[in-house]
Amino acid sequence: MLKNHPYIRKTLNVTMSLLLGGAILYWMYRDFDFNSVRHVLLHEMNWWWMLASSPFCVMAQAFRGLRWKQALEPLDEKPKASSCIHAIFISYAASLIVPRIGEFTRCGVLAKKEGVSFPKALGTVVTERAIDSLIILFIAATVFLMQLPVFLRFFTKTGTRLDDITGVLGQFSSTGYLVVAACALGTLIGAYIFRRKLAFYDRVKATLGGVFDGITSLKSISNVPLFLFYSFGIWVAYFLHYYITFFCFESTSHLGIVCGIVSFIVGCMAVLVPTPNGAGPWHFAVKTMLILYGLADTEALIFVIVVHSIQTLMVALLGIYALIKIEN
């Protein structure tokens with residue numbers, strides 16, 4: 001029935017994502033005193049460190065745009081670097097509204113602005129995502145081995161140890177069950193949406209051909225070292241954008257770079273759950289990891305809600321800026 005009503009289906013997808021993120025946030029903050037956040041923002045937080053972290057958000061997205069331009073060049077597509085970067089800004093902002101829509105949005109923006117083939121652009125995005133996944137998995141595996149005791153405590157605390165699952169489930173409140181069910185439902189919806197998109201492209205051979213061309217474009221990259229520099233630079237910039245915020249708060253300023261890397265990786269894994277900018281899953285994962293490194297529960301809750309909110313606002317502002325520039 002919903003197949004014939006795409007707008008209804010999209011609305012339901014967005015609604016489910018918002019409900020999933022909202023349910024997790026409610027569960028985490030249901031007994032939280034938000035006046036403490038106001039006090040920290042006005043009297044305790046060092047805003048200079050937050051300002052210092054901001055350029056790395058721009059840098060990470062700019063590197064992604066420049067790398068994308070490189071990937072498109074072997075396909076005889078020559079978009080301007082500024083157009084690629086603006087398309088990236090817009091794509092991240094779009095994903096705040098509809099999770100995972102950014103990949104399609106940036107291809108559409110570049111197709112409209114520069115006349116770049118949408119299927120070819122989409123193919124390069126698929127390749128980029130594969131490269132990013134390999135990089136983050138390599139970092140995650142390295143960090144996991146170096147900090148194995150911490151991760152084992154994390155799994156125990158979050159109820160993911162196989163031998164503790166029965167006991168943990170028995171301790172869940174009714175709200176806890178609802179959050180787990182919502183996460184599972186969100187994951188299933190995300191998998192369904194992804195399968196439908198693949199099925200759509202499977203029915204359009206010309207599009208698939210363009211996607212394949214985009215995927216194989218990397219073999220003709222003219223400057224491989226520069227491409228690798230952008231690829232690793234993206235994640236270094238993302239990490240610094242996150243880690244520098246530790247120094248905004250007295251409670252996290254002493255935690256150190258190892259805690260920063262571990263919590264950053266866990267946060268990257270959490271945003272795979274389809275909610276706007278990872279809202280909910282990111283908060284839960286990072287908060288839990290910070291507590292394992294000695295932070296009090298309230299301090300961890302304040303850190304994740306302040307940092308995530310400010311960084312999300314910056315993504316939105318960059319998207320608005322790019323929309324204005326792309327139209328001129």
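**Salt bridges between helices**

1. Arg 67 and Glu 128 are both buried, buried meaning under 20% relative accessible area, exposed over 50% and partly exposed in between (1.4 Å probe, protein chains only). The model is predicted: local features need pLDDT of at least 70, side-chain atom pairs count only at pLDDT 80 or more, and totals for chains, interfaces and linings use all residues. Residues are numbered from 1 along each chain as its sequence is written, and side-chain values use heavy atoms, with hydrogens and water left out.

2. Arg 67 forms a salt bridge with Glu 128, with 3.8 Å between the closest N and O atoms; the term denotes a side-chain nitrogen of Lys or Arg within 4 Å of a carboxyl oxygen of Asp or Glu. Because Arg 67 lies in helix H3 and Glu 128 in helix H6, the pair ties together parts that are 61 residues apart in sequence. Helices (H or I, at least four residues) and strands (E, at least two) are DSSP runs, numbered from the N terminus.

3. Glu 128 also meets Arg 106 in a salt bridge, at 3.0 Å from N to O. This pair links distant parts of the chain, Arg 106 being in helix H5 (residues 102–114), 22 residues apart from Glu 128 in helix H6. Glu 128 has a relative accessible area of 1%, and Arg 106 counts as buried at 1% relative accessibility.

4. Salt bridges with shared partners join Arg 64, Arg 67, Arg 106, Glu 128 and Asp 132 into one network.

5. Asp 132 forms a salt bridge with Arg 64, the closest N and O atoms lying 2.7 Å apart. Both residues, Asp 132 and Arg 64, are buried.
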